Amino acid sequence: MASLVSSPFTLPTSKADHLSSLSGKHYFLHSFLPKKTSQTNSSSSVKVKCAAIGNGLFTQTTPEVRRIVPDNNQGLPTVKVVYVVLEAQYQSSLTAAVQALNKNNRYASFEVVGYLVEELRDESTYKTFCKDLEDANIFIGSLIFVEELALKIKDAVEKERDRLDAVLVFPSMPEVMRLNKLGSFSMSQLGQSKSPFFQLFKRKKQSAGFADSMLKLVRTLPKVLKYLPSDKAQDARLYILSLQFWLGGSPDNLKNFLKMISGSYVPALKGTKIEYSDPVLYLDSGIWHPLAPCMYEDVKEYLNWYGTRKDANQKLKDTNAPIIGLILQRSHIVTGDESHYVAVIMELEAKGAKVIPIFAGGLDFSGPVERYLIDPITKKPFVHSVISLTGFALVGGPARQDHPRAVEALVKLDVPYIVALPLVFQTTEEWLNSTLGLHPIQVALQVALPELDGGMEPIVFAGRDPRTGKSHALHKRVEQLCTRAIRWAELKKKSKAEKKLAVTVFSFPPDKGNVGTAAYLNVFSSIFSVLKELQRDGYNVEGLPETSDALIEDVIHDKEAQFSSPNLNIAYKMGVREYKSLTPYATALEENWGKPPGNLNSDGESLLVYGKQYGNVFIGVQPTFGYEGDPMRLLFSKSASPHHGFAAYYSFVEKIFKADAVLHFGTHGSLEFMPGKQVGMSDVCYPDSLIGNIPNVYYYAANNPSEATIAKRRSYANTISYLTPPAENAGLYKGLKQLSELISSYQSLKDTGRGPQIVSSIISTAKQCNLDKDVNLPDEGEEISAKERDLVVGKVYSKIMEIESRLLPCGLHVIGEPPSAMEAVATLVNIAALDRPEDGISSLPGTLAESVGRNIEEVYRGSDKGILKDVELLRQITEASRGAVSAFVERTTNKKGQVVDVADKLSSILGFGLNEPWVQYLSNTKFYRSDREKLRTLFVFLGECLRLVVADNEVGSLKQALEGKYVEPGPGGDPIRNPKVLPTGKNIHALDPQSIPTTAAMQSAKIVVDRLIARQKADNGGKYPETVALVLWGTDNIKTYGESLAQVLWMIGVRPIADTFGRVNRVEPVSLEELGRPRIDVVVNCSGVFRDLFINQMNLLDRAVKMVAELEEPEDQNYVRKHALEQAKNLEIGVREAATRVFSNASGSYSSNINLAVENSSWNDEKQLQDMYLSRKSFAFDCDAPGAGMTEKRKVFEMALSTAEATFQNLDSSEISLTDVSHYFDSDPTNLVQNLRKDGKKPNAYVADTTTANAQVRNFVLLP
């Protein structure tokens, strides 16, 4: 099975053979490959190569299927049209228009050829495109929003622009829009502030309103312009008419469009009178149904027609039938490319659901949602759930989104919002054969962006035919999409007392007492508090024990029970025959696990489901991944499948317990990490098969947006964030406390004769506390000068302060119990320590330092060097910050320590100048002169943060989800860097992957990289490191907006360049003069999660490294080039391939599994572990063949690693430290590099700690 899922299988010559070649195996098939169409003209049929075996680009469709060459027998002038579009829906419509014109053969013969934007990645296709432009008359472009391709199109068209008779570009990036030219009408001013079109682009507030303003303009302008005499006005009028024809998209409209443009602008037809009719205008937005007599503008009229339909089945006439809203793109309807929409409508109606399919012509669907799906009088929704079939963000489509506007509309609508995907850049076969699944650009535009609106369940429901470009439904996927939408709708309709909920807890790692573990969460206390709340709310939780301990006892029986022992409560025994009948994919698991029942979760005869039922709530234990029993398999497995017990658990929940929803409790289980495509799964991907049709609600830690995103995309989860426990300062233990006391006495007595004596006590105590590993200490008894004494004490003092102020999470969070105000102090102190220039907020330490005439950055630097007075000043600043924040918090709480109405208290606090508690506190310190205005701005912000920290919506959001309502989206990440993460209880999303790295991240990265290189030079006899091996993590890059990504770019000396919309898809080299040092070579290992979320950024990194390897620079100034040339020579490959530096796991697989092997002690020597690391982590991304997914390049990986002199990773938030998470160890390549290096030298291992405002680069010692 795994081979079917995770390896590319080559395509036989025809689809029919393809199906027969597979049907020999007992797999359930992708039953949705389109029927083979009978091709009369065999010469025109096109062979489709598949993504996995083709040239590695994402699509191998060819523009030749869009080329029409006329048989011009009558010597008519030929008009050649070249067009470039984002999607293929215009292909069949344009083809029909041109064929009709050529059949008529009156004025001219039309030759036409069309390109999809994505095809222009391929060099030979691009050359053909340039060649086609050389003798073209008319160029048309539409929806060109992918920057690297937009620039290629701009270059090609620019060369021919003056010669072309007409250039028409409809909404696209400004760079391409500027190419427009129609007689005297041009948009070359676009982007200069005076141009009226640019004003439309510029106004941020109505970013998506741009489309609407344009549509309004399109409606009214031609009428006005008609009466203006000048040529310019007439040319502008024809441009607007062209846009109307184009947006009208039907073959008739496009036929008249071509007549109008060629008659007016092609010189050979000057003087010929070509009649054309005005555009047939369709509604800009409305309601459309394939069987309705017309489009409706009024929802009441539509519902009247719906109620009188003769063809409706009995279920549809039921007043209780669920009603599903559909959001459609008008362009598909008017161009006649709507069969995939029809399939969804028919499927929903066949399942007994009514539909209201609404559409919009622009890119803003929020207006139509409010107009047609919400009752204007009662303000209640007409629908129970909504599916957007456009794949785009609700407001702004592929251009510039307006997420707050989208969320506002969806909050009013308040129903589950599903965003399904039609394949845009791939054909059906290419998607089926791809291990990546969806094309990365489509993931960025149509998965990541809708998630910011709160969209969920990215199910691929339609494919594309490579020959006609038309969409077709993928029937199995459509069936699943519709069933899931109806299941969400039913949550809105069912009463609470009859709803069934399956709460799923995890057991990882599977060992003593690990049942019910989750990151930062007290699972059973949380379940207990959630169930108590649901019981109060009317859910049936009969027989729930009195305490959470009794609940544990019920489910686990014996708290210390081994997982494999039979002590867990058995809720159900499933016989093998029943298991097979309920689990259609059971046979596919046999390749890995043998015949059922197997030996996991079974008693040898039946499969066991562990858990306990209370009324309508079942608490179940998710079976483990399955590796534990057979660790040796783990060493060699590149992919796996769930075992029979795992499949039986989900079959039980869906088909025997018949859950209305499953609640996965805490971060995280293994369902979403099962093998399958990365995003856009098919029906043979395991997460898709396992979750089946059950609505999935998932409590996820707010600080882990990256894995939460995988749960959303691969297990269709509606995630709800929970707070991580409040952090407190670590403080000092015995030996360090004593040191701290010695240092205070040194400060008061250093100028007396006792100074040297105290220093030698400090040195010996520091050695006992192992501080000599971090600080260079002189030998005991060595004579040192007074100045050196100060420096030694300063360095030790600085280290102690760093240890004392480390933040550690306190206790475990219980869902529904927000932290008390005093618990929030440490969090607020850390929020206050960061400058937030975008909000006009200065950091508290910065403001305090200014009041004594110092710059905080200088103080940090001095303290790092151990300059005693700076260390002491930093301690005073830190204490004053804590004191001022505590004073402020005390004033906003009641006697019990709970935050009372913050808003009222704050306004009273902020009302009086003298009484401000922080001013009162600081007036007794040396910082009494601090800038009042800056402090006030900061504390207003902190007051808002405090209100959010203690707000409690975690149970509230769960209830909303279970009642079939909309859960508001919010970013995940570190609440200290980004307080917008609060309050918790939001549907977590990551960020727009094209928005990183930000300028701020680039600035922080420069500081860390410069410190790292300086540190390595100091440790390495003044030599620059030639290669650094780094690890990139998904969550870290979300929290820091791409800092570690920016670090890699700065090491090799390139900077990211943002496009007009602020998206980063390009880099340019920084000159060696500006860099002031050689370019450092890198080996980048990306976690599986980073690879899934940021495949665009992997593309960017790979392009950057290869670009640097090709720069003509001296080798001693460009180590990337130096090593690439050596490796190219040794491996006999090209320089570009030798410069491959971006690696990860194979597509669809996660982690190196070393941590599991170590926990299970299933290794004999380190070499086994290294082989495991190399075999799982040596898959490279190649920007020259981005569609090939990850390809194994172990030789290049080993050679690149063998040059590494340092390894490096980031630590960026206080909740996780290096030893907490086995993944840091799992991905650390230090020991591996030592064995690969010819000299066997162990590289220096560094960790950048950016958890505080003062970033540190530290040595990281892994004890053997």
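**Note on the predicted model**

1. At 1.5 Å a residue, helix α9 (residues 231-248), with its 18 residues, should span 26 Å, and its end C-alpha atoms lie 25 Å apart, which agrees; the expected span is taken as 1.5 Å times one less than the number of residues. Helices here are DSSP runs of H or I with at least four residues and strands are runs of E with at least two, numbered from the N terminus. Of the 18 residues of α9, 15 are buried, where buried means under 20% relative accessible area, exposed over 50% and partly exposed in between, with a 1.4 Å probe and protein chains only. Just after α9, Gly249 adopts a positive phi of about 55°.

2. This is a predicted model, in which local features need pLDDT of at least 70 and side-chain atom pairs count only at pLDDT 80 or more, while totals for chains, interfaces and linings use all residues. Residues are numbered from 1 along each chain as its sequence is written, and side-chain values use heavy atoms, with hydrogens and water left out.

3. For the chain as a whole, there are 51 helices and 35 strands, and buried residues make up 62% of the 1264 residues. Among contacts (heavy atoms within 4.5 Å) with a separation of 6 or more, 75% are between residues 24 or more positions apart.

4. An open sheet of six strands, with mixed pairing, has the order β2-β1-β3-β4-β5-β6, two strands being paired if DSSP finds at least two bridges between them. Its edge strands are β2 (109-116) and β6 (185-186), each of which pairs on one side only. Helix α3 (residues 89-104) packs on this sheet, touching β1 (78-85) and β2, and its direction makes about 170° with that of β2; for such angles, axes are lines fitted to C-alpha atoms, for helices over the stretch in contact, and the values run from 0 to 180 degrees between N-to-C directions. Strands β3 (residues 138-142) and β4 (residues 166-169) run parallel and are joined by four bridges, with Val167 in β4 as the bridge partner of Phe139.

5. Lys80, in strand β1, deserves a look, as a lysine that counts as buried at 5% relative accessibility. Its side chain makes a polar contact with the side chain of Asp132 at 2.9 Å; a polar contact is a pair of N or O atoms within 3.5 Å, where within protein one must be able to donate a hydrogen and the other to accept it, and residues adjacent in sequence count only if both atoms are side-chain atoms. Leaving out residues up to four places away in sequence, Lys80 touches Glu111, Asp132, Asp135, Ala136, Asn137 and Ile138.

6. A second open sheet to examine has seven strands in the order β16-β17-β18-β15-β19-β20-β21, again with mixed pairing. Strands β16 (570-575) and β21 (717-722) stand at its edges with a single partner strand each, so one side of each has no neighbour in the sheet. Direction ignored, neighbouring strands of this sheet are turned by 30° against each other on average. Strand β16 is joined by five bridges to β17 (residues 606-614), the two running antiparallel, and Lys573 stands opposite Leu608 in β17.

7. Helix α25 (residues 644-656) lies across β15 (501-505), β16, β17, β18 and β19 (661-665), running at about 45° to β17.

8. A nonpolar core is a set of buried Ala, Val, Leu, Ile, Met, Phe, Trp, Tyr and Cys residues joined through side-chain atoms within 4.5 Å. The largest one holds 134 residues, of which Leu326, Leu389, Leu394 and Phe665 touch the most other members, and helix α19 (residues 475-493) gives the most to this core, with eight residues. A second, separate core of 79 residues includes Val169, Phe185, Ile261 and Ile441.

9. Lys658 has a positive phi near 55° although the residue is not glycine; Lys658 lies in the loop between α25 and β19 and is exposed, with a relative accessible area of 52%.
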